[in-house]
Amino acid sequence: MAFMLLVIEKPEDRRARSAEQGRELYDRMLQFGTQLKQRGLLTMSQALTSTASAARVSAQSGTAVVHDGPFAEAKEMVGGFFLLSCATREEALQIAQQCPAAQWATIEVRELGPCFQ
């Protein structure tokens with residue numbers, strides 16, 4: 001079964017970190033990903049840049065509208081993800097609890113599947 005762990009964090013938390021703090025946390029996340037890969041569970045992982053360089057696209061009334069970030073109304077942002085291959089939901093939840101980012105962010109666990117079910 002495929003599961004995605006989404007790292008949900010507050011934009012201001014990332015901005016408040018020093019470069020040294022950011023590097024230390026990032027190194028912990030890289031080590032976590034390496035361990036998952038060695039166990040044969042990690043399909044892919046990636047950090048995402050802040051919403052400052054993001055854009056949102058919608059097609060209101062058939063016309064595409066692009067809104068550039070940062071998004072003032074955003075209280076949270078997806079800071080990165082881990083795409084896992086797990087035997088069960090419980091295994092994915094256990095891995096999420098071990099994720100270093102759970103100490104400063106929320107880890108959302110989502111199973112991959114069709115959107116119409």
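Cys-99 is buried in this predicted model, with a relative accessible area of 3%. The chain that contains this residue has 117 residues, of which 29% count as buried. Its secondary structure comes to three helices and six strands.

**The cysteines**

- Cys-86 also counts as buried, because its relative accessibility of 3% is under 20%.
- The sulfur of Cys-99 lies 13 Å from the closest cysteine sulfur, which belongs to Cys-86, and this is too far for a bond.
- For Cys-86, in turn, the closest cysteine sulfur is that of Cys-99, at 13 Å, again too far for a bond.
- A disulfide is a covalent bond between the sulfur atoms of two cysteines.
- The structure holds zero disulfides.

**Overall layout**

- Read from the N terminus, the elements follow the order β-α-α-β-β-β-β-α-β.
- The C-alpha trace spans about 45 × 45 × 20 Å along its principal axes.
- Among contacts with a separation of 6 or more, 74% are between residues 24 or more positions apart.

**The sheet**

- Four strands form an open sheet in the order S2-S5-S1-S6, and their pairing is antiparallel.
- Strand S2 (42-47) and strand S6 (106-111) are the edge strands, each of them pairing on one side only.
- From one strand to the next, the twist averages 20°.
- Six bridges connect strand S1 (residues 2-9) with S6 in the antiparallel sense.
- Within this pairing of S1 and S6, Leu-5 has Val-109 in S6 as its bridge partner.

**Helices against the sheet**

- Helix H2 (residues 19-38) lies across S1, S2 and strand S5 (77-85), and runs at about 15° to S5.
- Helix H3 (residues 89-98) packs on the sheet as well, where it touches S1, S5 and S6.
- The direction of H3 makes about 30° with that of S1.
- The buried residues in H3 are Ala-92, Ile-95 and Ala-96.
- Viewed down the axis of H3, these buried residues fall within an arc of 105°, so they line one face of the helix.
- The cover over the buried residues of H3 includes S1, H2, S5 and S6.

- Arg-110 is partly exposed, with a relative accessible area of 45%.
- Its side chain is joined to that of Glu-108 by a polar contact of 2.8 Å.
- Apart from its neighbours within four places in sequence, Arg-110 is in contact with Ala-2, Phe-3, Met-4 and Leu-6.
- Arg-110 and Asp-27 are 83 residues apart along the chain, and a distance of 24 Å separates their C-alpha atoms.

**Thr-51, a residue of a loop**

- Thr-51 is found in the loop between S2 and strand S3 (55-60).
- Although Thr-51 is in a loop, this residue counts as buried because its relative accessibility of 17% is under 20%.
- When neighbours within four places in sequence are left aside, the contacts of Thr-51 are with Gly-69, Pro-70, Phe-71 and Met-77.

Terms used: Residues are numbered from 1 along each chain as its sequence is written. This is a predicted model: local features need pLDDT of at least 70, side-chain atom pairs count only at pLDDT 80 or more; totals for chains, interfaces and linings use all residues. Side-chain values use heavy atoms; hydrogens and water are left out. A disulfide is a pair of cysteine sulfur atoms within 2.5 Å. Buried means under 20% relative accessible area, exposed over 50%, partly exposed in between (1.4 Å probe, protein chains only). Two strands pair if DSSP finds at least two bridges between them. Helices (H or I, at least four residues) and strands (E, at least two) are DSSP runs, numbered from the N terminus. Axes are lines fitted to C-alpha atoms, for helices over the stretch in contact, and angles run from 0 to 180 degrees between N-to-C directions. Contact means heavy atoms within 4.5 Å. A polar contact is a pair of N or O atoms within 3.5 Å; within protein, one must be able to donate a hydrogen and the other to accept it, and residues adjacent in sequence count only if both atoms are side-chain atoms. The arc is that of the directions from the helix axis to the C-beta atoms.
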